[in-house]
Structures are given as C-alpha cells and as structure tokens.
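Hello,

Here is the structure I promised to pass on to you.

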Amino acid sequence: MMEAFLQIQGKLNIPGSLWTETSETMNYLEKYGFENLGKLGDSSEFLMKSPC
C-alpha cells in the first residue's frame, strides 16, 4: 500500500504527509524516505513528510 501511495504521489508530483502517534510507525515511514518533522499535533503526534 505504501509503495502504491508513493508511486501515485510521484506521478502526480504532489506533496504528502502523514501523522503517527507511535515511534514504531515513525520508523516504518522513515524506511520509505519520510522525514520526521517532529511532534506537532494537538496530541503530540509525529508529522511525517513524504519524500516527494
């Protein structure tokens, strides 16, 4: 699913981001090139910026 998301995003050349509450998910997203922008949400979620 993640590969499909990144492939579509790359074809459309649009930015993307995801929020996560756990460091495990953060680590998973970093494997796909997502950049951790820190804990920015109302509940201190991590904002992850996609590599595109």
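**What I found**

Let me start with S23, which is found in helix α2; helices here are DSSP runs of H or I with at least four residues, strands are runs of E with at least two, and both are numbered from the N terminus. S23 is partly exposed, with a relative accessible area of 36%. For these classes, buried means under 20% relative accessible area, exposed over 50%, and partly exposed in between, with a 1.4 Å probe and protein chains only. Between the C-alpha atoms of S23 and L12 there are 29 Å in space, and the two residues are 11 apart in sequence.

A word on the basis of all this: the model is predicted, so local features need pLDDT of at least 70 and side-chain atom pairs count only at pLDDT 80 or more, while totals for chains, interfaces and linings use all residues. Residues are numbered from 1 along each chain as its sequence is written, and side-chain values use heavy atoms, with hydrogens and water left out.

Now the overall picture. The protein has 2 helices and 3 strands, in the order α-β-α-β-β along the sequence. The C-alpha trace spans about 30 × 20 × 15 Å along the principal axes. Of the 52 residues, 25% are buried. Taking contacts (heavy atoms within 4.5 Å) between residues at least 6 apart in sequence, 49% join residues at least 24 apart.

Helix α1 covers residues 2-12, and its buried residues are M2, L6 and Q9. They lie on the same side of α1, because they cover an arc of only 65° around the axis; that arc is the one of the directions from the helix axis to the C-beta atoms. These buried residues pack against β1 (17-20) and α2 (23-31). The face turned away from the buried side carries the exposed residues E3, Q7, I8, K11 and L12.

Two loop residues may also interest you. N13 sits in the loop between α1 and β1 and has a positive phi of about 55° although it is not a glycine. With a relative accessible area of 61%, N13 is exposed. S44, in the loop between β2 and β3 (46-49), is likewise a residue other than glycine with a positive phi, here near 65°. S44 counts as partly exposed, at 40% relative accessibility.

Which residues does G38 touch, if we leave out those up to four places away in sequence? They are E45, F46 and L47. G38 itself is found in strand β2, residues 35-39, and is partly exposed at a relative accessible area of 22%. The C-alpha atoms of G38 and M48 are separated by 7.8 Å, with the two residues 10 apart along the chain.

I hope this helps you find your way around, and do write back with any questions.

Best wishes
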